Amino acid sequence: MTGPTAEPGPSAGGVSGAGAVRQTGRLFQLAATTVTMAFRRPFQFREFVSQFWFIASVTILPTALVSIPFGAVIALQVGSLARQLGAESFTGGASVLTIVQQASPMIVALLVSGAAGSAICADLGARTIREEMDAMEVMGISPIQRLVVPRVLACMLAAVALNGLVSCVGVGGGYFFNVVMQGGTPGAYLSSFSALAQLPDLYVGELKAVIFGFIAGVVAAYRGLNPPPGPKGVGDAVNQSVVITFLLLFFTNLVMTAIYLQIVPMKGA
Amino acid sequence: MGIDIHVAGLTKSFGPQVIWQDVSLTLPAGEISVMLGPSGTGKTVFLKSLLGLIKPEQGRVLVEGTDMVAGSDRKVFRARRKFGLMFQDGALFGSMNLFDNIAFPLRQHTRATEAEIRRKVLERMAMVGLDGEEAKLPGQISGGMRKRAGLARALVLDPQIILCDEPDSGLDPVRTALLSQVLLDVNTVTDCTMLIVTHNIEIAATLPDNIGMLYRRDLVAFGPRELLLTSDQPAVAQFLHGSTLGPIGMAEEKDDAELARTPGTRTFDIPDQLRPSPGLPDRQGAHRHHARVMAELHRLPASARNAITAKLTDPPSQTS
């Protein structure tokens with residue numbers, strides 16, 4: 001597991017250039033510390049399970065509800081475009097590839113950062129201004145190992161699991177809309193799917209989900225551990241964490257997609 | 001036995017604002033020290049700097065050879081286990097009840113069985129007067145109770161150094177006096193080094209062996225309690241009397257012109273120092289303090305010397 005591949009750019013906080021660079025550096029430092037601390041004992045298993053359960057409980061339903069219309073929109077759009085080009089039989093393959101490779105990790109990332117990341121950021125931020133972090137450090141316990149590592153790992157695991165859910169629901173939704181609404185044939189849908197899609201498409205989707213989960217967790221923890229002063233600062237920190245995560249995710253997605261298309265040969269190419 | 005803390009040339013600023021500069025002192029092992037100062041003079045920042053939670057730009061804080069300012073994280077973390085810190089508003093973990101809060105350091109750092117933990121936690125809770133409140137959450141109790149729970153948590157590992165951040169704020173006078181007694185008894189039993197940050201004169205006059213005062217970005221004085229309590233420095237005297245007359249103003253410290261106009265100082269009657277509760281042994285810190293002060297008596301100003309020798313008919317043997 002490596003740190004995020006993208007540069008956060010000037011959005012990472014601070015108006016002056018120096019401030020932005022410093023914030024970026026500290027964000028990467030937290031990411032690196034989190035990775036090394038993840039291998040240090042004792043692992044906070046209970047915290048990890050409870051956080052995972054919390055993240056799953058706040059994201060499963062919205063994710064499923066978002067992914068049905070999303071799959072449908074892609075199926076309808078690709079379907080109508082393909083019909084104009086006379087390539088109706090490839091609708092299945094095209095929409096499935098789009099969902100598995102692009103839409104699914106993005107939906108997961110948006111929900112993990114929007115629902116889980118904001119909650120993590122608010123929780124850690126409230127604890128920071130109540131001096132709980134200082135209290136832990138005084139006791140010689142690293143808040144990163146104790147609180148951040150389980151949360152980031154929970155985000156990653158939740159993202160992978162949700163990605164599976166979104167892929168299934170999205171593909172199912174796309175199938176339903178293509179076959180039932182647009183009068184496509186089930187056979188053509190499935191055969192173009194198996195003609196164009198390959199297993200690495202699924203792998204890269206899951207890999208994206210893991211990395212997006214990591215970024216969402218680390219950014220939320222970073223803003224939560226360094227909120228602007230005062231109770232209002234926590235609110236601002238939550239807001240910023242979601243925005244920063246979105247920016248990072250879209251950029252990371254672009255980079256990963258470009259690399260994937262370069263290094264993995266297309267099926268049948 | 002407690003350990004001493006050497007502070008040398010400590011300077012901290014936030015941006016262009018200097019909080020205090022060139023603070024040097026030694027907190028003697030096993031003795032009780034108080035740091036006084038008007039609100040906003042960086043007393044809490046000083047406390048956190050001793051622990052390495054805030055990193056001053058210059059200077060050193062040495063705790064058994066570990067520099068808490070510039071030392072590596074690993075060393076600082078290890079050195080912190082010798083400390084117990086009572087935060088200003090408790091800093092309890094909001095998601096845990098009082099029992100789990102106080103048991104937290106034991107569960108993290110010792111292999112004590114659940115029965116041992118239970119015994120020790122209940123003992124500490126009784127010590128600070130929180131019997132029967134184990135199941136309450138920090139959000140359900142008053143500020144004073146949170147503070148006492150914070151103290152119980154700081155005490156639970158029997159630290160060699162105990163730092164208290166304004167133990168009196170939010171407590172009534174009786175509880176404040178009782179808390180002073182608790183702190184003194186803890187020092188008697190565990191012989192720990194103690195630093196209490198406060199602006200409560202009652203605590204400063206009766207509890208500590210040594211007093212220091214932060215004012216106008218400087219450490220005005222640090223030494224035996226008699227040194228500060230007999231001081232004729234205007235700011236110190238004003239602070240001890242809680243008077244409006246003097247260099248300390250409401251918002252900022254007054255300027256030097258006004259300082260020159262301030263009236264002469266009055267004397268402060270030094271009350272007797274608190275003694276350990278009946279049944280406890282002699283306080284070793286008091287004996288060491290006595291020996292140390294007598295050795296350097298000739299270096300103290302006359303007023304402090306007189307105050308110390310006046311009490312000599314009443315040596316610090318604590319048979320009560």
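Q: Which residues have the most contacts inside the largest nonpolar core?
A: Keep in mind that this is a predicted model. The residues with the most contacts there are A:Val108, A:Val112, A:Cys155, A:Ala158, A:Ala159 and A:Ala221. The core has 154 residues.

Q: Which element gives the most to this core?
A: H5(A) does, with 19 residues.

Q: Take A:Val112. What is it in contact with, leaving aside neighbours within four places in sequence?
A: A:Val112 is in contact with A:Ile55, A:Thr59, A:Gly117, A:Cys155, A:Ala158, A:Ala159, A:Gly213 and A:Ala216.

Q: Back to the helices. At what angle do H2 and H5 of chain A cross?
A: Roughly 25°. Helix H2 covers residues 45-85 and helix H5 covers residues 143-181. Their axes come within 6 Å.

Q: Parallel or antiparallel, then?
A: H2(A) is roughly parallel to H5(A), because the angle is under 35 degrees.

Q: Is that crossing left-handed or right-handed?
A: The crossing of H2(A) and H5(A) is right-handed.

Q: And how do the residues of that contact divide?
A: Between H2(A) and H5(A), 23 are nonpolar, 10 are polar and 2 are charged.

Q: New topic: chain B. How many of its residues are in contact with chain A?
A: 15 residues of chain B, and they meet 10 residues of chain A.

Q: Which parts of chain B each supply at least two residues to that side?
A: Helix H2 (73-80), strand S6 (83-86) and helix H3 (98-109) of chain B.

Q: What's the split by class there?
A: The side of chain B that touches chain A has 9 nonpolar, 3 polar and 3 charged residues.

Key:
Residues numbered from 1 in each chain as written. Chains lettered and ligands numbered in written order. Predicted model: local features only at pLDDT ≥ 70, side-chain atom pairs only at ≥ 80, totals over all residues. Axes fitted to C-alpha atoms, helices over the stretch in contact; angles between N-to-C directions. Helix = DSSP H or I, 4+ residues; strand = E, 2+ residues; numbered from the N terminus. Parallel < 35°, antiparallel > 145°, perpendicular 65-115°, else oblique. Left-handed = near helix turned anticlockwise from the far one by under 90°. Nonpolar A, V, L, I, M, F, W, Y, C, P; charged D, E, K, R; others polar. Core = buried A, V, L, I, M, F, W, Y, C linked by C-beta atoms within 7 Å. Buried ≥ 20, exposed ≤ 12 C-beta atoms within 10 Å, placed from the backbone. Contact = placed C-beta atoms within 7 Å.
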